[in-house]
Amino acid sequence: MYVFGCLPFVLIFFGLIAVVFVVNTVLRLINGTGAGAVYLWESFCNLFRKEKKEVINPFNGESNFDHIRQADDISYSPTEQRPKRYEPTDGEIIEFEEL
């Protein structure tokens, strides 16, 4: 008899768990669809951009800059000069004479 008295509470508990599971699944599906649409749109726009924008694939987490040759799409220009290896005061000065 006590089991039948607790049955409504058990049904309500499992019903709430089922509702939370369904809502979570629907929200993840909507979020994944939106992230996929943004990824596809940004990847399409990168075909026409001079400076490419980094786009993260929502399905596997990889960047669009992971597997490209750097010489093709990304240019590098150093912003600072490398430090000199020797200072002018290091060592002795040797004057050479032409023979």
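No disulfide, defined as a pair of cysteine sulfur atoms within 2.5 Å, turns up in a search of the whole structure. Of the cysteines, Cys45 is buried at a relative accessible area of 16%, whereas Cys6 is partly exposed at 43%; here buried means under 20% relative accessible area, exposed over 50% and partly exposed in between, with a 1.4 Å probe and protein chains only.

The model is predicted, with local features requiring pLDDT of at least 70 and side-chain atom pairs pLDDT 80 or more, while totals for chains, interfaces and linings use all residues. Residues are numbered from 1 along each chain as its sequence is written, and side-chain values use heavy atoms, with hydrogens and water left out.

The search also finds three aromatic pairs, that is, rings of Phe, Tyr and Trp (its six-membered ring) with centres within 6.5 Å, called stacked for planes under 30 degrees apart, edge-to-face for over 60 and tilted for the rest. Two of them are tabulated here.

| Pair | Centre distance | Plane angle | Class |
|---|---|---|---|
| Phe13 and Phe14 | 5.5 Å | 65 degrees | edge-to-face |
| Trp41 and Phe44 | 6.0 Å | 40 degrees | tilted |

Both Phe13 and Phe14 are exposed.

Across the protein, buried residues make up 7% of the 99 residues.
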